Amino acid sequence: MSLLLDPVLTAADAALRTLFARPHATRPRPVPTQAPGEMDEQQRRDAGALMRVNHVGEVCAQALYTAQAAVARDPALRAQFVEAAHEETDHLAWTRQRLDELGARPSLLNPLWYAGAFGLGLVAGRLGDPLSLGFVAETERQVEAHLDSHLDRLPPADSASRAVVEQMKLDEARHAAQAIDAGAAELPAPVKALMRLASRVMTTLAHRI
């Protein structure tokens, strides 16, 4: 019975920590190469909205990796998912710190985002390790492109947020490469398109709510 309960308790603990506890990074927050400049109120609001979207992405990453680790068939792959989730915790902490500094709040819909991403992670994991890894690779590729667009949209003076986003982009690209090296299967084009659509809905709502 305890073997059956362990994954459930681990998943519940991860959800509570992600949604209600203050995340703690294991790496120092990236330091900008240029000193932050002065921002007016509108620029701070714009930066805060973008970092709220990035924070939502990290909430979803925690849910995805936790779910995929729970149903992974290969113990080595399970450990890889757990390690990726730990690294994504750094992103969660960094983006939350920037939200606080910018006077912005996390998305009010974070529990909904977490539940949806956790469900997708379970489905992907149940389809088998190659497709689960394919889902990771495609997710990280799309996140990398999304972060790249934010680098263009962040206020020029917000070098602190820019440094965080640049490091996140590097980490996501590495996670995608690791998934491909581990045997990720290429997802069908309609699935990729559906993932992009779901991401667009999430980012649009998270930007405002």
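## Overall dimensions

A compact globule of 209 residues would have a radius of gyration near 17 Å, and the protein agrees with this, having 17 Å. Along the principal axes, its C-alpha atoms fill a box of roughly 55 × 35 × 30 Å. The model is predicted.

The protein contains seven helices and zero strands. Its pattern along the sequence is accordingly written α-α-α-α-α-α-α.

## Confidence of the model

The mean pLDDT of the protein is 85, and 90% of its residues reach 70 or more. Among the elements, helix H6 (residues 159–181) has the highest mean pLDDT, at 91, while helix H1 (residues 2–20) has the lowest, at 59. Over residues 1–5 the pLDDT is below 50, and this stretch has zero contacts in the model beyond near neighbours in sequence.

## Packing of H2 with H4

Two packed helices are described by the angle between their axes and the distance between the axes. For H2 and helix H4 (residues 110–126), the axes come within 7 Å and cross at roughly 35°. This crossing of H2 and H4 is right-handed.

On the H2 side, the contact is made by His 55, Val 56, Val 59, Cys 60, Gln 62, Ala 63, Leu 64, Thr 66, Ala 67, Gln 68 and Val 71. H4 contributes residues including Trp 113, Tyr 114, Phe 118, Leu 122 and Arg 126. By class, the contact of H2 with H4 has 14 nonpolar, seven polar and one charged residues.

## Packing of H2 with H5

Helix H2 (residues 41–71) also packs with helix H5 (residues 129–153), at an angle of about 170° and with the axes 12 Å apart. An angle over 145 degrees counts as roughly antiparallel, and H2 and H5 are therefore roughly antiparallel to each other.

From H2, the contact is made by Leu 50, Val 53, Asn 54, Leu 64, Tyr 65 and Gln 68. Among the H5 residues that take part are Phe 135, Val 136, His 146, Leu 147 and Arg 153. The residues of the contact of H2 with H5 divide into seven nonpolar, six polar and two charged.

## Packing of H4 with H5

H4 and H5 pack with their axes 6 Å apart, at an angle of about 140°; they are therefore oblique to each other. In this contact, Leu 120, Ala 124 and Gly 125 of H4 meet Leu 131, Ser 132 and Phe 135 of H5. The contact of H4 with H5 has four nonpolar, two polar and no charged residues.

Definitions and conventions
Residues are numbered from 1 along each chain as its sequence is written. This is a predicted model: local features need pLDDT of at least 70, side-chain atom pairs count only at pLDDT 80 or more; totals for chains, interfaces and linings use all residues. Side-chain values use heavy atoms; hydrogens and water are left out. pLDDT is the predictor's confidence in each residue, from 0 to 100. Helices (H or I, at least four residues) and strands (E, at least two) are DSSP runs, numbered from the N terminus. Contact means heavy atoms within 4.5 Å. Axes are lines fitted to C-alpha atoms, for helices over the stretch in contact, and angles run from 0 to 180 degrees between N-to-C directions. Angles under 35 degrees count as roughly parallel, over 145 as roughly antiparallel, 65 to 115 as roughly perpendicular and the rest as oblique. Ala, Val, Leu, Ile, Met, Phe, Trp, Tyr, Cys and Pro count as nonpolar, Asp, Glu, Lys and Arg as charged, and the others, Gly among them, as polar. A crossing is left-handed if the near helix is turned anticlockwise from the far one by less than a right angle, and right-handed if clockwise. The radius of gyration is taken over C-alpha atoms; the globule rule is 2.2 Å times the number of residues to the power 0.38.
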